[in-house]
Amino acid sequence: MSESPDAAASQPVVLADADDIQEGGRKEVVVENRKIAIFNVDGQCYAVNAICPHRGGPLIRGTLDGYRLRCPIHGWAFDIRTGDSNGRPHDLEIFPLRCENGRLVAEV
Amino acid sequence: MTPEEIEPIIESEYAYLRTEYDNWSPTTGEEHDLELVAHALRVLIHKKVVETSTSEFIALGAQQNEDGGWGQTGAANESKIWVAAFCGLMLIRGNQVLEYERISGSVQLAIRYFLDTQQPDGRWCDPSWADLDATSHPVSFFNVVLVLGKEFGTTMRKKVLESWKKGMQFILDSQADDGGWYDQEFHPTGVEITAHLIQDSLVADVMIENVMRVSRPCRKGAQLLLSLQSESGSWDNDNVDHTMDCTRSLMLVSRMLGIERECDPAIQAGMDWIMQHKNEQGWPDFPGMDTNLERTCDGLDTMLKYLAYSEEDCMKIMRYWGYLA
């Protein structure tokens, strides 16, 4: 499932081509040994740390209900736009994305 | 899978766990995640190597906080219900072999911690878990205290029994009509939490007192799990953790309720699926992913329990939950 993106040595980092992730789709990329999950909701892409801050569950396998991403292991859920965990002890790290020349770029 | 096929895999996986010793043993530092430590100590108990693992159990006891609980790591001062119960459970079970006064003292301190932190309605709370999860673990710990902890004296055991009943009642009152347990925030599918809670609830009738009449609801919970298994043998969309939870739970529940014929095909299918999706070393969270050490401990635990389940003595499996001395 993981792929190595065309990651630059310095920030910002290209995570994926925008066309790679269609509406409703998702993709996991690895940047400098960090797993990042990208989700396309309603045509907009969002990048988050792919490792759940609770017990390390793989969020790329999580269930999405709107913008709410639920970890498949123990059920922590996060807003992928803000990382908000709805009162859990840790929020999810997010990476704001911008599209440059058809590529998704984030500060990682 | 037959026991003969599984035994060499247990040995190779256990050897792998030993190679990862520095990443889980509490003797190698206070920064380890204590939930992983407890998972690993459970393997040591079920592998019957407690006698040669004294230092690991003593080190876990030494990482206990003053309030009697344990934090997320050995160095963390803030105790957490879920991890504290798991640690206390491993210590009381390990001490069945070791019989160390110091560890017995740790267990008593842990008992007080849980008596002090129970809510008036019987639940325990931990912001990292659903209340049913957080209640499940201390109830499970108290199950074992009531069965194994004869040395703790009448007064303390009476308090534990009262607390246990309140916790158990909270669990039983939360069961849905279909036999499952659910939490809309944490467990909307109910699979993992039902697997945990049927094995806790079952003890109420079978092992301690025949007052709560849980056999029927537990059977219903087991039947719900059977109905949720996929054709491939997994649960929850090929979730390795939840498939191990369900498979292990059904082993215990089917034996205790005498419904092996009903459950055995699901257990065998679950075991086959688990073994098919093992990595070269260890298990991942989902097929094809990297090995996760905690999941590997769960895999070893599942195989060891399966060996007990495969024996004719139907009581043997109960020892793997600590429900029998």
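Student: What makes Glu93(A) and Arg34(A) a salt bridge?

Tutor: In this predicted model, local features need pLDDT of at least 70, and side-chain atom pairs count only at pLDDT 80 or more. Side-chain values use heavy atoms, without hydrogens and water. A salt bridge is a side-chain nitrogen of Lys or Arg within 4 Å of a carboxyl oxygen of Asp or Glu. The closest N and O atoms of Glu93(A) and Arg34(A) are 2.6 Å apart, so the pair is a salt bridge.

Student: Why is Glu93(A) called partly exposed?

Tutor: Buried means under 20% relative accessible area, exposed over 50%, and partly exposed in between (1.4 Å probe, protein chains only). Glu93(A) has 35%, so it is partly exposed. Arg34(A), with 30%, is partly exposed as well.

Student: How do you know that Arg42(B) and Asp298(B) form a salt bridge?

Tutor: Their side chains meet at 2.9 Å, N to O, which is judged by the 4 Å rule. Arg42(B) is buried, and so is Asp298(B).

Student: Why does Arg157(B) have no salt bridge?

Tutor: The nearest side chain of opposite charge, Glu151(B), is 6.9 Å away, and the rule requires a distance within 4 Å.

Student: What does the side chain of Arg157(B) reach?

Tutor: The side chain of Arg157(B) reaches the backbone oxygen of Leu146(B) at 2.9 Å. Arg157(B) also touches other residues, including Val145(B) and Phe152(B), not counting residues up to four places away in sequence; touching, or contact, means heavy atoms within 4.5 Å.

Terms used. Residues are numbered from 1 along each chain as its sequence is written. Chains are lettered from A and ligands numbered from 1 in the order in which they are written. Lys and Arg count as positive and Asp and Glu as negative; His and the chain ends are not counted. A polar contact is a pair of N or O atoms within 3.5 Å; within protein, one must be able to donate a hydrogen and the other to accept it, and residues adjacent in sequence count only if both atoms are side-chain atoms.
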